[in-house]
Amino acid sequence: MRQVNHWIDGKDTAGTSGRTADVFNPATGEVQAKVALASKAEMDDAIDRAAQAQVKWGATNPQRRARVMMKMVDLINRDMDKMAEMLSSEHGKTFPDAKGDIQRGLEVIEFAIGAPHQLKGEFIDSAGPGIDMYSMRQPLGVVAAITPFNFPAMIPLWKLGPALASGNAVILKPSERDPTVPNMLAQLFQEAGLPDGVLQVVHGDKEAVDAILDSEVIQAVGFVGSTPIAQYIYERAAQTGKRAQCFGGAKNHMIIMPDADLDQAADALVGAGFGAAGERCMAISVAVPVGEKTADALIEKLVPRIEKLKVGPWTAGNDVDYGPVVTRAAKENILRLVNRGVEQGAELVVDSRDFSLQGYEDGFFVGPHLFDRVTPDMDIYKTEIFGPVLSTVRAGSYEEALKLTMDHEYGNGTAIFTRDGDTARDFASRVNVGMIGINVPIPVPLAYFTFGGWKRSGFGDLNQHGPDAFRFYTRTKTVTSRWPSGIKEGSAFNFKAMD
Ligand code: NAD
């Protein structure tokens, strides 16, 4: 059986805790590897080693650190296919989607090449008589990234690029469900010239995470995952005074106005609702058509498109629209929620509860489901299902659709489909959600903007990637200086203006 070890001080390192977790092939249901789960002692040791390595790395000039990122871009491109195959086999997503996962992470490494520019401080001369004032951005020290299963390359890279380029050492605790690609990335960082110990990949579960949270050495935690865990991490990290940005779950609404191009809207909904089996934090899980006529026409267009979707293993190549979900437990939870929707009175227009894929009966495949006439009190509306299930909530007016979106506890992404510029502008300006699409169903900002949700989709301050990431991973120091020739007076006992 293949073993997935930790990556400590630049070496593949077997765990000593004696605890492991199964890594599945979601397409077949078979266990394909065992991943080590770190004990608190193993995590503490990896953190201490990272702290030692950080001293030199933090003092390395920014352009040298940026060169590691430059090299990394080439190496990721070189190994893209190899990593995408591993990613698909552990996660289940299609091969093109796995490449997209790596590509969107790679773009943040490209952005991190600009670290010297991002890390520049501010300066003003003659702030007072003979007085200059400047600020500088310094690395925090050792920081941690705790990442989810659904983007096992992209999200680690979102954290690693800015954190490492800023001069920090990083403890990466990836999801234990698809842990191999993070190790491959760590190996590439070594090849790109990152000194050993500056990036430690430590696998584990709650015990490893708690050791990070309670560590006095770790200065900041970047978390991405489900909302209850995001909140837990945020609160526990604060107890030792850490910086924390913790991104959580989502229930992204897409409003379809009566003037929208309904074919475009239906195509967009199918891609955004069912791509990656709905296991994206930016997936659209709620369609909100405005007006009964729009709703009837939309459902009519959605049904044949959804019924045509091809579900299968990534090895089937381009013939597949989406693959299995990540675990058997995830599959069971999705089907439980679909049944709950039926019990609570939603209309299951596309019902795939009996779906089974010939030859892959033990795989974690879930067929596509479409609900109509969902209401806000139903569990399928309130809960993040994280599967191939699209709910339709009919709204009587634009204001009603907007209010629905605003009242939901999550606020990650949302979209509006319309031809009317005024409505689109009003929506973008008023809605309390972090990322907005106008006739774009999955509005994931590019690397040089920032990514982050509002409400219970994000705890803490500053977003991921873009300039915010460099602010999150550095501390500002401000220096006021005056040289002896500029000192005209003796002691001063009061605060006073500098002029
Ligand atoms: P998860 O919360 O189960 O796990 C995330 C990380 O937390 C993993 O590394 C896991 O090992 C760790 N963890 C799990 N339980 C823990 C516990 N009790 N104590 C301490 N650590 C624990 O999330 P997931 O299932 O891996 O990922 C899917 C979730 O992530 C969805 O809710 C999705 O919306 C969300 N997500 C959000 C974003 C975003 O940017 N907002 C992006 C991607 C995914």
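Analyst: The axes of helix H3 (residues 95-112) and helix H5 (residues 154-165) come within 8 Å and cross at roughly 10°. This is a predicted model, in which local features need pLDDT of at least 70, side-chain atom pairs count only at pLDDT 80 or more, and totals for chains, interfaces and linings use all residues. Residues are numbered from 1 along each chain as its sequence is written, and side-chain values use heavy atoms, with hydrogens and water left out.

User: Why are H3 and H5 called roughly parallel?

Analyst: Axes are lines fitted to C-alpha atoms, for helices over the stretch in contact, and angles run from 0 to 180 degrees between N-to-C directions. Angles under 35 degrees count as roughly parallel, over 145 as roughly antiparallel, 65 to 115 as roughly perpendicular and the rest as oblique. The H3 and H5 axes cross at roughly 10°, so the two helices are roughly parallel to each other.

User: Which residues make that contact of H3 with H5, and how do they divide?

Analyst: Contact means heavy atoms within 4.5 Å. H3 contributes residues including Asp101, Arg104 and Leu106, and H5 contributes residues including Trp158 and Pro162. They divide into 10 nonpolar, 2 polar and 2 charged. Here Ala, Val, Leu, Ile, Met, Phe, Trp, Tyr, Cys and Pro count as nonpolar, Asp, Glu, Lys and Arg as charged, and the others, Gly among them, as polar.

User: What makes H2 and H5 roughly antiparallel?

Analyst: Their axes come within 9 Å and cross at roughly 150°. That angle makes H2 roughly antiparallel to H5. Arg65, Met69 and Ile76 in H2 meet residues of H5, among them Leu157 and Leu164.

User: What do Arg2 and Glu90 tie together?

Analyst: Their side chains meet in a salt bridge at 2.9 Å, N to O. Arg2 lies in strand E1 (residues 2-4) and Glu90 in helix H2 (residues 62-91), so the pair ties together parts that are 88 residues apart in sequence. Helices (H or I, at least four residues) and strands (E, at least two) are DSSP runs, numbered from the N terminus.

Definitions and conventions: A salt bridge is a side-chain nitrogen of Lys or Arg within 4 Å of a carboxyl oxygen of Asp or Glu.
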